[in-house]
Amino acid sequence: MNFYIMTLFPDMVMQGLTTSITGRAMQKKLIQIEAVNIRDYTTEKHGQVDDYPYGGGAGMVMQAEPIYRTWEAITGRIGKRPRVVYMTPQGSVFHQGMAQEFAKEEDLIILCGHYEGVDERILDLIVTDQVSIGDYVLTGGELPAMVMVDCISRLVPGVLNNQESAEFESFHENLLEYPQYTRPEVFMGMRVPEVLLSGHHARIDAWRQEQSVKRTKERRPDLFPGVE
Ligand code: 6GU
């Protein structure tokens, strides 16, 4: 899968995503990530990419032209017009199901905004999806883009190894993960639950399931539609 990230901070995006599992997936050519600098596509002499909002008000707005030219360069080069996701706190809130939908795409273009947002006409012209990563405000769309690329990439076949996939299996059915323990058996006087040392796999599975349900009801009742 190919990600094209339109941003004013390509180094920030690439440094984050070339690390760890997404970095390994890039080396294995299972995913391709390209951060394209919008500033490279400005026609203004001082590299300007933003301007004052018409009608006044605080902050600056990213201009339509450099973004449009960046998009033209990408789509022209690849000869395709993939979905364009604009990262904005005004978008639909990202969730696992959305990641599964995006993971079906061969190519994805992601637009990271900054300042007070982008000229609305760019949204009308090229943007197909608007996505937020939660109800809080960040300084720009780069971290949200990295979150989304990470989440989608781990769904691409081959990106996770067997061990990592098995860990994913344990977060199924919309339940939170059960508590985990490793050596030693006693730490600061606290013992590992006896059942985990018992070797009874059926009892261990039942205990883990029960812990997952309890934890989900306590911490994320919203994931539990059947529960009052
Ligand atoms: Cl996508 N962008 C910004 N700037 N802030 C956010 C966000 C996106 N999602 C949550 N907060």
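Which element gives the most to the shell around the ligand? Strand β5 does, with three residues.

## The model

This is a predicted model, in which local features need pLDDT of at least 70, side-chain atom pairs count only at pLDDT 80 or more, and totals for chains, interfaces and linings use all residues. Residues are numbered from 1 along each chain as its sequence is written, and side-chain values use heavy atoms, with hydrogens and water left out.

Helices (H or I, at least four residues) and strands (E, at least two) are DSSP runs, numbered from the N terminus.

## The ligand and its shell

The residues around the ligand are Met-87, Thr-88, Pro-89, Val-131, Ser-132, Ile-133, Gly-134, Tyr-136, Leu-138, Gly-140 and Pro-144. By class, seven of the shell residues are nonpolar, four are polar and none is charged. Here Ala, Val, Leu, Ile, Met, Phe, Trp, Tyr, Cys and Pro count as nonpolar, Asp, Glu, Lys and Arg as charged, and the others, Gly among them, as polar.

Ser-132 brings a side-chain N or O atom to 3.3 Å from a ligand nitrogen. Ile-133 has a backbone N or O atom 2.9 Å from a nitrogen of the ligand. For Leu-138, a polar backbone atom is 3.1 Å from a ligand nitrogen. The protein covers 96% of the 280 Å² of accessible area that the ligand has on its own. Such areas come from the Shrake-Rupley method with a 1.4 Å probe; for residues, only the protein chains shown count as cover.

Rings of Phe, Tyr and Trp (its six-membered ring) pair if their centres lie within 6.5 Å; planes under 30 degrees apart count as stacked, over 60 as edge-to-face and the rest as tilted. By this rule there is one aromatic pair. Tyr-68 and Trp-71 form this tilted pair, with 5.4 Å centre to centre and 45° between the planes. Both residues lie in helix α3 (residues 64-78), three residues apart, about one turn of the helix.

Are the two partners buried or exposed? Buried means under 20% relative accessible area, exposed over 50%, partly exposed in between (1.4 Å probe, protein chains only). Tyr-68 is partly exposed at 29%, and Trp-71 is buried at 8%. Helix α3 also holds Thr-75, which is buried at 9%. A polar side-chain atom of Thr-75 lies 3.4 Å from the backbone oxygen of Glu-72.

Another ring has a charge over it: the charged end of Lys-217 sits 5.5 Å from the centre of the ring of Phe-224. The rule asks for NZ of Lys or CZ of Arg within 6 Å of the ring centre and within 35 degrees of the ring normal.

## Backbone exceptions

Most residues other than glycine have a negative phi, and most peptide bonds are trans. Ser-20 has a positive phi, near 65°. Ser-20 belongs to helix α2 (residues 20-27) and is exposed, at 59% relative accessibility. Tyr-115 also has a positive phi, near 55°.

A cis peptide bond joins Arg-183 and Pro-184, with omega about 0°. Pro-184 lies in the loop between α7 (162-169) and β8 (186-187).

## Loop residues

The loop between β6 (107-112) and α5 (120-125) contains Tyr-115, which is partly exposed at 37%. Asp-119 lies in the loop between β6 and α5 and is buried at 17%. The side chain of Asp-119 makes a polar contact of 2.7 Å with the side chain of Arg-121.

Val-156 sits in the loop between α6 (142-153) and α7. Val-156 is buried, at 12% relative accessible area. Gly-57, in the loop between β3 (50-51) and β4 (61-62), is exposed at 62%.

Key:
A residue is near a molecule or strand if one of its heavy atoms lies within 4 Å of it. A polar contact is a pair of N or O atoms within 3.5 Å; within protein, one must be able to donate a hydrogen and the other to accept it, and residues adjacent in sequence count only if both atoms are side-chain atoms.
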